[in-house]
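Today I am looking up what surrounds the ligand, then the strands and the core.

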Amino acid sequence: MKEYMIEIDHLSFRYENQNVLEDIHLQVPKGSFLGLVGPNGSGKSTLLKCILGILKLKEGSIRLFGTDIRRFKEWDKIGYVSQKANSFNSGFPATVFEVVSMGLVSKTGLFRFFNKEQKEKVRAAIEAVGMSEFVDRNIGELSGGQQQRVFIARALVSEPELLILDEPTVGVDAENVQNFYTMLGHLNEDLGITLLMVTHDIGAITDKVTHVACVNKHLFFHGDTEAFNELKTADLSPFYGHHVHVIDHHDHQHGGVR
Ligand code: ADP
């Protein structure tokens with residue numbers, strides 16, 4: 001039987017006077033790399049907050065690792081890199097090694113010296129994101145894309161089975177974005193980490209992504225990447241069409257589905 005990291009059924013969510021999600025059904029199979037795509041304002045963050053237990057469910061259900069979210073306790077199996085993670089300014093006095101170590105500190109709740117095994121875990125996480133040569137560099141000196149890799153390493157250091165990334169490529173330069181996806185593919189294919197990537201950019205659905213979900217209040221598509229690639233633009237027009245009503249017009253100038 002197929003194992004799922006996340007199973008969402010009949011999920012609807014509303015803020016005071018606005019329906020944001022309606023009857024969402026979504027599964028994230030173990031070992032998959034799911035791209036969750038939707039324009040700005042389509043409810044992606046709301047859905048993430050429901051999955052992370054930040055928002056209390058009113059309608060529908062979520063199971064994490066087979067357990068109803070209301071009884072789920074194994075949060076250390078889930079790594080999360082928020083969109084706002086990337087906010088170090090150039091003066092921040094911490095090396096890549098120290099920033100990634102914070103992933104262990106937050107687990108223990110105390111600053112302390114790390115033993116050899118823990119230091120090895122930090123180095124392995126830094127290597128997994130391809131940042132070994134920068135281990136002693138100051139985080140503030142790195143590019144947006146390099147910083148994002150460091151934040152992913154910080155989430156990886158506690159060895160999560162599922163990693164949730166919120167708009168991971170926002171700070172990544174255009175010329176580095178393909179390498180960045182290759183690194184995510186490595187985490188998924190070689191290290192066996194299940195990935196859920198939330199993005200407004202349909203261009204983020206590369207061949208590394210195994211499954212796709214298109215959300216804009218409703219679920220417009222959910223299937224494997226092959227099926228997604230076979231979709232005709234016409235099939236997705238309700239999805240694109242819908243966002244025209246929700247989004248500022250100047251957002252279109254940047255391309256992608258905003
Ligand atoms: P996305 O992450 O896809 O940009 P969000 O989930 O942030 O979408 O927002 C979906 C809709 O819900 C938007 O119209 C937004 O204005 C609204 N919204 C988000 N957060 C709140 C909130 N705390 N209270 C009321 N409305 C909200």
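Predicted model: local features only at pLDDT ≥ 70, side-chain atom pairs only at ≥ 80, totals over all residues.

How do the residues of the shell around the ligand divide into nonpolar, polar and charged? I get 2 nonpolar, 8 polar and 1 charged. Here Ala, Val, Leu, Ile, Met, Phe, Trp, Tyr, Cys and Pro count as nonpolar, Asp, Glu, Lys and Arg as charged, and the others, Gly among them, as polar.

Residues are numbered from 1 along each chain as its sequence is written.

**Ligand shell.** I listed Tyr15, Gln18, Val20, Gly38, Asn40, Gly41, Ser42, Gly43, Lys44, Ser45 and Thr46 around the ligand; a residue is near a molecule if its C-beta atom, placed from the backbone, lies within 6 Å of it. Both β2 (18-29) and α1 (44-51) supply at least two residues of this shell, and α1 has the largest share, with 3 residues. Helices (H or I, at least four residues) and strands (E, at least two) are DSSP runs, numbered from the N terminus.

**Around β1.** I followed β1 (residues 4-15) next and found it antiparallel to β2, with 8 bridges; strands pair if DSSP finds at least two bridges between them. The two form a hairpin with 2 residues between them, and leucine 11 has isoleucine 24 in β2 as its bridge partner. β1 also pairs with β4 (residues 59-64), antiparallel over 5 bridges, and there isoleucine 6 stands opposite leucine 64.

**The open sheet.** I traced 6 strands in the order β6-β7-β8-β3-β9-β10, with mixed pairing. Because β6 (78-81) and β10 (218-224) are at the edges with a single partner strand each, one side of each is left without a neighbour in the sheet. β6 pairs with β7 (residues 162-166) in the parallel sense over 4 bridges, and glycine 79 stands opposite leucine 163 in β7.

**Core.** Which residues touch the most other members of the largest nonpolar core? They are Val100, Ala153 and Leu195, out of 64 residues. Such a core is a set of buried Ala, Val, Leu, Ile, Met, Phe, Trp, Tyr and Cys residues joined through C-beta atoms within 7 Å, buried meaning 20 or more other C-beta atoms within 10 Å of a residue's own. α4 gives the most to this core, with 6 residues.

Key:
Buried ≥ 20, exposed ≤ 12 C-beta atoms within 10 Å, placed from the backbone.
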